[in-house]
Amino acid sequence: MDENCTFCKIIKGEIPSNKVYEDEEILAFKDINPAAPIHILVIPKKHLESLATMKEGDEKIISKIYQVINIIAEKQGFKEKGYRVIVNCGKDGGQEVPHLHFHLLAGTQFGDKIV
Ligand code: 5GP
Ligand code: ZN
């Protein structure tokens, strides 16, 4: 936990959020400023700053996050139609909140291919 971290505050319930999934290691909630009809943030409860600061062993939680993304996609009914997952990393990657998070975007057909 990081006292000054917005997402740690959401995990602790100090900042309210619209939760869509929770277990002992992972929390998913709706983005406050959605960039798509469905925009969910999936985060580890452990405060990991970014992909770039991952330590050995942290890959386990990343792999679980992808499992959870599929569970959410199934439950919310967009697994078949598809979705996009984005992770911004660091300043050049456009990361604003320094707590690792996966943007799960769905509900429209994304036209602009970044890659
Ligand atoms: P980043 O730019 O760091 O990849 O994405 C941060 C995301 O967190 C943004 O899409 C922003 O809208 C979202 N966000 C920032 N603060 C809050 C908050 O307090 N609650 C929620 N639900 N989302 C937030
Ligand atoms: Zn945090």
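In this predicted model, a polar backbone atom of Gly94 lies 3.1 Å from an oxygen atom of ligand 1. Of the 520 Å² of accessible area that ligand 1 has on its own, the protein covers 83%. Ligand 1 is surrounded by 16 residues, and the closest are Asp31, Asn88, Glu96, His101 and His103. Polar contacts of ligand 1 include those in the table.

| Residue | Protein atom | Ligand 1 atom | Distance |
|---|---|---|---|
| Lys30 | polar backbone atom | nitrogen | 2.9 Å |
| Asn88 | N or O atom in the side chain | oxygen | 2.8 Å |
| Gly94 | polar backbone atom | oxygen | 3.1 Å |

Ligand 2 is a zinc ion. The angles among the 4 donor atoms run from 104 to 115°, and the site is tetrahedral. Along the sequence, the donor residues of the zinc ion follow the spacing C-x2-C-x38-H-x51-H.

Cys8 and His47 link distant parts of the chain, being 39 residues apart. Cys8 belongs to helix H1 (residues 6–12), whereas His47 sits in the loop between strand E3 (38–44) and helix H2 (59–76).

His47 has 22% relative accessibility, so His47 counts as partly exposed.

Conventions:
Residues are numbered from 1 along each chain as its sequence is written. Chains are lettered from A and ligands numbered from 1 in the order in which they are written. This is a predicted model: local features need pLDDT of at least 70, side-chain atom pairs count only at pLDDT 80 or more; totals for chains, interfaces and linings use all residues. Side-chain values use heavy atoms; hydrogens and water are left out. Donors are N, O and S atoms within 2.8 Å of the metal (3.2 Å for Na, K and Ca); water is not among the atoms, so sites may look incomplete. Four donors count as tetrahedral if all angles lie between 85 and 135 degrees; four count as square planar and six as octahedral if opposite donors are over 155 degrees apart and all others between 65 and 115; anything else is irregular. Helices (H or I, at least four residues) and strands (E, at least two) are DSSP runs, numbered from the N terminus. Buried means under 20% relative accessible area, exposed over 50%, partly exposed in between (1.4 Å probe, protein chains only). A residue is near a molecule or strand if one of its heavy atoms lies within 4 Å of it. A polar contact is a pair of N or O atoms within 3.5 Å; within protein, one must be able to donate a hydrogen and the other to accept it, and residues adjacent in sequence count only if both atoms are side-chain atoms. Accessible areas come from the Shrake-Rupley method with a 1.4 Å probe; for residues, only the protein chains shown count as cover.
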